[in-house]
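Please open the model in a viewer and keep the selection panel at hand.

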Amino acid sequence: MAVEKLTGSETGQLLAEHPGWSLREDGLAICRDFRFANFSEAWAFMSRVALLAESQDHHPEWANVYNRVSITLTTHDAGGLSARDARMAKAIDALA
Ligand code: H2B
């Protein structure tokens, strides 16, 4: 299902509204690194994000090493950033 890609100014607005996130070099994704007290806390966070991803039908690209979780958000159906990424970034920030 095709989804509208954000314009340059909409991407700028997304970054301004979500200061923890940075634009990937190619401009097609946003990224944020999280750090927790230990693995258990990191995994608990990932579990909550996973449920969120399922409920929004929007899934992160991510990696976990012990207490660190790196999340990349992009919309595969748009070939870049969309409003879905902004919505997901906001929801993840609210969990962290
Ligand atoms: N997640 C992400 N990040 N981008 C998508 O385009 C996407 C998704 N599409 N999760 C969804 C699933 C789509 O494949 C299903 C069929 O709704």
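Begin with the ligand and Asp 57: an N or O atom in the side chain of Asp 57 stands 2.3 Å from an oxygen atom of the ligand, a polar contact being a pair of N or O atoms within 3.5 Å. The model is a predicted one, in which local features need pLDDT of at least 70, side-chain atom pairs count only at pLDDT 80 or more, and totals for chains, interfaces and linings use all residues. Residues are numbered from 1 along each chain as its sequence is written, and side-chain values use heavy atoms, with hydrogens and water left out.

Next, select His 59, where a polar side-chain atom is 2.8 Å from a nitrogen atom of the ligand. The ligand taken alone exposes 390 Å², of which the protein buries 69%; accessible areas come from the Shrake-Rupley method with a 1.4 Å probe, and for residues only the protein chains shown count as cover.

The shell consists of Asp 57, His 58, His 59, Thr 74, Thr 75, His 76, Asp 77 and Arg 84. Which classes does the shell divide into? It holds 5 polar and 3 charged residues and no nonpolar ones, where Asp, Glu, Lys and Arg count as charged, Ala, Val, Leu, Ile, Met, Phe, Trp, Tyr, Cys and Pro as nonpolar, and the others, Gly among them, as polar.

Stay with Asp 77 and Arg 84, whose side chains meet in a salt bridge at 3.6 Å, N to O; the term requires a side-chain nitrogen of Lys or Arg within 4 Å of a carboxyl oxygen of Asp or Glu. By this rule the count is 3 salt bridges. Asp 77 is partly exposed, with a relative accessible area of 39% (buried means under 20%, exposed over 50%, partly exposed in between, with a 1.4 Å probe and protein chains only).

Move to Asp 93 and Arg 32, a salt bridge with its closest N and O atoms 2.7 Å apart. This pair links distant parts of the chain, 61 residues apart: Asp 93 belongs to helix α3 (residues 83-95) and Arg 32 to strand β2 (residues 30-35). Helices (H or I, at least four residues) and strands (E, at least two) are DSSP runs, numbered from the N terminus.

Finally, select Arg 24 and Asp 26, which form a salt bridge with closest N and O atoms 2.9 Å apart.

Key: A residue is near a molecule or strand if one of its heavy atoms lies within 4 Å of it. A polar contact is a pair of N or O atoms within 3.5 Å; within protein, one must be able to donate a hydrogen and the other to accept it, and residues adjacent in sequence count only if both atoms are side-chain atoms.
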